[in-house]
Amino acid sequence: MAMKWTLGLLLIQLSCYFSSGTCGKVLVWPTEYSHWMNMKIILDELVQRGHEVLVLTSSASILIDPNKTSAIKFEVYPTSLSKDDFEDRLIKLIDRVIYDFPKDTFWSCVSQMEEIMWGYSRLLRKLCEDAVLNKKIMVSLQESKFDVVLADAISPCGELLAELLKTPLVYSLRFSPGYAFEKYGGGLLFPPSYVPVVPTELSDQMTFMERVKNMIYVLYFDFWFQGFDMKNWDQFYSEVLGRPTTLYKTMEKADMWLIRTYWDFEFPRPLLPNFDFVGGLHCKPAKPLPKEMEDFVQSSGENGVVVFSLGSIVSNMTEERANVIASALAQIPQKVLWRYDGKKPDTLGPNTRLYNWMPQNDLLGHPKTKAFITHGGANGIYEAIYHGVPMVGIPLFADQPGNIAHMKAKGVAVRVDFNTMSSTDLLNALKTVIKDPTYKENVMKLSRIHHDQPMKPLDRAVFWIEFVMRHKGAKHLRVAAHDLTWFQYHSLDVTLFLLACVATVIFILTKCCLLFCQMFATSGKKEKRE
């Protein structure tokens, strides 16, 4: 096996050197869960094209297994966090959002979210400190002379590594809380009149009161909410770099931002030259199902099947919630394939089968699939768009409520609330998306838009990474806004100057008028005396 891998890597390297491209060295700062799955697809493609890829990962990483045979290389650095402790802390933070999150008022919601995000931020900063303060690791990385750093922006540190190694930086990102990283790190514009903030779950077609609501959210996120404890991040970056700086200032130096959505998903809004959409880069044609699963799907006849998955993170659903869901599923004529690893619900119907894991993409691409019940993760939504399957959304946390809101606005999904829905609510939502033909028509329209691109999303992502490597960066795409103060950016200095000029002209004209009036009055008095 080792000999096969060696020969394979040698052939890849040779093909790279004999092709028109140039092989490069890529350093990767990854993130866990679905973020890593998205990034690994890009890395596999880079390796296939002959590039050398090194993933810098901690000993506490949850999904990344450096011992698994792979063409991707891994550099594991020690951290005081154990793998179990790291995963346990992350799961507890996620469970708080799903099960204990207050939804009664805006203020209680965002204050809890800020607290949870700060807990996540502390974990990330600990991992970053253990990496960049490890002299042995940093010396090794500096000697390797990488051509580009690829990082997920939601986990700060990649930009610090790029700065220390004096290497171009490419970001991969779905979105950040309040779009803070994109705004202040990337310089991207988000006009509140038609670009909704993620928590609002609004569309770009807003009424007056919805625009008021959106503006309140924008002001809150701009001037109060901090998804990360920025003061500590800024202090840490300043200490490591040996000069006063901030996290945002370091992020501003990114050469390219690869956003994991596309216009089939997004509402139209302004972009910058160094931002590009690569949503659905993981999507691919469906493969044949395992025989047992295929037999079950075929047994559904003309009614077809429903695919149900709340992702890989949700593992402790209450029995009460599971029974509510199972009761609804038991009442539909379709067969149901449900990804679920908890206790078997008492109300589970004979039409429903439980699976610890299932080939979601292959099931969504099956001609008998009628609907997809999803938590609203971007990966699952894009697979549904790719294959043209209408959705019932049960969002849980993070970007999921916003994702489902986008799909609902585009007429391809119905939303139900995980904590408050009844069996009737879920049943009616399923009946709506299956029986109302407009949902299928709308999702097929999105599917055609997704497939009708000049190049595939994965090819576009790899192109930009190779572009940055070839040109030693992409500073020609960087807007000058990064070099301006907020006063200059909003042209307040120019506005004040022009106002001062107008005021001066008005003052001079007024003085002249008063002087002429005074002279006229004086001459009139003289004439009367004479």
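Helices (H or I, at least four residues) and strands (E, at least two) are DSSP runs, numbered from the N terminus. The model is predicted: local features need pLDDT of at least 70, side-chain atom pairs count only at pLDDT 80 or more, and totals for chains, interfaces and linings use all residues. Residues are numbered from 1 along each chain as its sequence is written, and side-chain values use heavy atoms, with hydrogens and water left out.

**View 1. Ser-309 in strand 8.** Ser-309 belongs to strand 8, which spans residues 305-309. Its relative accessible area is 2%, so Ser-309 is buried (buried means under 20% relative accessible area, exposed over 50%, partly exposed in between, with a 1.4 Å probe and protein chains only). Contact is counted for heavy atoms within 4.5 Å. With neighbours within four places in sequence left aside, Ser-309 is in contact with Arg-339, Met-358, Gln-360, Phe-372, Ile-373, Thr-374 and His-375.

**View 2. Helix 12 and its cover.** Helix 12 is formed by residues 319-329. Eight of its 11 residues are buried, so helix 12 is largely enclosed by the rest of the structure. The buried residues are Arg-321, Ala-322, Asn-323, Val-324, Ile-325, Ala-326, Ala-328 and Leu-329. An α-helix has 3.6 residues a turn, so residues three or four places apart point the same way. The cover over the buried residues of helix 12 includes strand 8, strand 9 (335-339), strand 10 (352-355), strand 11 (369-374) and helix 16 (423-435).

View 3. Strand 4 covers residues 148-152. Five of its five residues are buried, so strand 4 is largely enclosed by the rest of the structure. In a regular strand the side chains alternate between the two faces of the sheet. In strand 4, Val-148, Leu-150 and Asp-152 point one way, while Val-149 and Ala-151 point the other way. Two strands pair if DSSP finds at least two bridges between them. Strand 1 (residues 25-29) runs parallel to strand 4 and is joined to it by four bridges; Val-28 stands opposite Leu-150. Strand 5 (residues 169-173) also pairs with strand 4 in the parallel sense, over four bridges, and here Asp-152 stands opposite Ser-172.

**View 4. The β-α-β unit and Ala-162.** Strand 4, helix 6 (residues 158-165) and strand 5 make a right-handed β-α-β unit. A crossover is right-handed if, with the strands pointing away from the viewer, the path from the first strand over the helix to the second runs clockwise. Ala-162 lies in helix 6 and is buried, with a relative accessible area of 6%. Not counting residues up to four places away in sequence, Ala-162 touches Val-149, Thr-167 and Leu-169. Ala-162 and Asp-147 are 15 residues apart along the chain, and their C-alpha atoms are separated by 10.0 Å.

**View 5. Ala-60 in a loop.** The loop between strand 2 (52-58) and strand 3 (73-77) holds Ala-60. Ala-60 counts as buried at 0% relative accessibility. Residues up to four places away in sequence aside, Ala-60 touches Thr-79, Leu-81, Ser-82, Lys-83 and Phe-86. From C-alpha to C-alpha, Ala-60 and Val-414 are 38 Å apart in space, and they are 354 residues apart in sequence.

**View 6. Arg-211 in helix 8.** Arg-211 is part of helix 8 (residues 208-223). Arg-211 is partly exposed, with a relative accessible area of 36%. Apart from residues up to four places away in sequence, Arg-211 touches Ser-193 and Met-206.

View 7. Most residues other than glycine have a negative phi, and most peptide bonds are trans. Phi of Lys-145 is near 55°. Lys-145 sits in the loop between helix 5 (135-144) and strand 4 and is exposed, with a relative accessible area of 64%. Lys-472 has a positive phi of about 60°. Lys-472 lies in the loop between helix 18 (457-470) and helix 19 (486-489), and is exposed at a relative accessible area of 68%.
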